Amino acid sequence: MPALGFGTLIPGATETRNATRTALEAGFRHLDCAERYRNEEQVGEAIQQAIQADLLTRQDLFITTKLWNNNHRPERVQPAFESSCDRLQLDYIDLYLIHTPFAFQPGDEQDPRDEHGQVVHDSGVTLVETWRALEDLVDGGRCKSIGLSDVTLERLKEIVAVSRIKPAAVQVESHPYLPEWHLLDFCREHGIVVQAFAPLGHAMEPRVVDDPVITSIAQRNHKTPAQVALAWAVQRGTAFLTTSTSPRHIRENFEISALPEDAMREIRDHIKTSVRFNSVVGTGVPGFIPRSK
Ligand SMILES: NC(=O)c1ccc[n+]([C@@H]2O[C@H](COP(=O)([O-])OP(=O)(O)OC[C@H]3O[C@@H](n4cnc5c(N)ncnc54)[C@H](OP(=O)(O)O)[C@@H]3O)[C@@H](O)[C@H]2O)c1
């Protein structure tokens, strides 16, 4: 898996198509998608445009997509996978993730709610049962590897303990304000890749790119603060998924290079701020937590 990933959680069809195309032109070969983002079709169009323009071939790409919470019942997994392939116009998927460990009421509604506005969960399926259905997809040959997203270390250990095919990757929020060292250590031990989402803290306050430790390293090393946060992510052994609709930022985020070891230590030892920006890991409901500035 290329360590530099471009995330496609982008509101708007045109914006998705343009940003994905710009990311491919900038050199990104790893795209993170999801049925929940409701834009796999536009990502697929951007991929096709790039292939037709001879910019790349399918084999050059590493494509991740994800099973949403309303499709956890084993009999819904294969159809959900096929639909993602169709929308993305792909014959195979490199990595298929269970988007969250929370099963919602099975059906076409991605966000099923009761009359009080509460999410309707599905107690009729376990995470292990859903995992078994993903293992079957790998046996089918069109799904090259499988993994989990938004899981705690405890849930991950449960799956690792019982799985026939081990998770290849785990996608969680991670940045200098949420380094997830314990999860990373466990994954390293078990040969599981950690994909860090929101590597720039989703540009939310307190802003990772304004952190004095990050900005001072950036100044000393003639990089931008975003390049420092992204290089740190790769150098400590994670893949990152960053997102931008700005062509300048997209190119900047691909042009990263190694940090000196003392900078790596400084980020680990001197940054004391601790923030989780996205509440999905606790609820299964997507969304960055709004906070007052
Ligand atoms: N598994 C999950 O539950 C989950 C949840 C959330 C996200 N994700 C995945 O992770 C991807 C990335 O998440 P994210 O959007 O939070 O990533 P992020 O890269 O931390 O944040 C993106 C924000 O940072 C800004 N930005 C990007 N490059 C910048 C730069 N060089 N300098 C300054 N600001 C910059 C962007 O604004 P501009 O557009 O103005 O550049 C945007 O507002 C998503 O697209 C999705 O694929 C997964």
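# Aromatic and charged contacts

Visitor: Is Y96 buried or exposed?
Guide: The model shown here is predicted. The relative accessible area of Y96 is 0%. Because the cut-off for a buried residue is under 20%, Y96 counts as buried.

Visitor: How many aromatic pairs does a search of the whole structure find?
Guide: The search covers the whole structure, and its total is 6 aromatic pairs.

Visitor: What is the angle between the planes of F81 and Y96?
Guide: The ring centres of F81 and Y96 are 5.0 Å apart. The pair is classed as edge-to-face, a class that requires planes over 60 degrees apart. The angle between these two planes is 75°.

Visitor: How many residues apart in sequence are the parts that F81 and Y96 tie together?
Guide: F81 belongs to helix α3, residues 74-88, whereas Y96 belongs to strand β4, residues 95-98. F81 is buried, at 2% relative accessible area.

Visitor: Which residues form one aromatic cluster with F6?
Guide: The cluster is made up of three residues, F6 included.

Visitor: Which charged residue sits over the ring of Y92 at 3.8 Å from its centre?
Guide: The charged end of K144 sits over the ring of Y92, at 5.2 Å from the ring centre. The charged end at 3.8 Å from that centre belongs to R58.

Visitor: How many salt bridges does the structure hold?
Guide: Side chains of opposite charge can pair when their charged atoms come close. One of the salt bridges joins E25 and R21, with the closest N and O atoms 3.1 Å apart. These two residues are 4 residues apart in helix α1, and so are separated by about one helical turn. The number of salt bridges in the structure is 17.

Visitor: How many residues apart are R76 and D108?
Guide: R76 and D108 meet in a salt bridge at 3.8 Å, N to O. R76 is in helix α3 and D108 in the loop between β4 and α4, so the pair links distant parts of the chain. R76 is partly exposed at 23% relative accessible area, while D108 is exposed at 76%. Their separation is 32 residues.

Visitor: Where does R142, the salt-bridge partner of E82, lie?
Guide: R142 and E82 meet in a salt bridge at 2.5 Å, N to O. E82 is in helix α3, 60 residues away in sequence. R142 lies in the loop between α4 and β5.

Key:
Residues are numbered from 1 along each chain as its sequence is written. This is a predicted model: local features need pLDDT of at least 70, side-chain atom pairs count only at pLDDT 80 or more; totals for chains, interfaces and linings use all residues. Side-chain values use heavy atoms; hydrogens and water are left out. Rings of Phe, Tyr and Trp (its six-membered ring) pair if their centres lie within 6.5 Å; planes under 30 degrees apart count as stacked, over 60 as edge-to-face and the rest as tilted. Buried means under 20% relative accessible area, exposed over 50%, partly exposed in between (1.4 Å probe, protein chains only). A charge sits over a ring if NZ of Lys or CZ of Arg is within 6 Å of the ring centre and within 35 degrees of the ring normal. A salt bridge is a side-chain nitrogen of Lys or Arg within 4 Å of a carboxyl oxygen of Asp or Glu.
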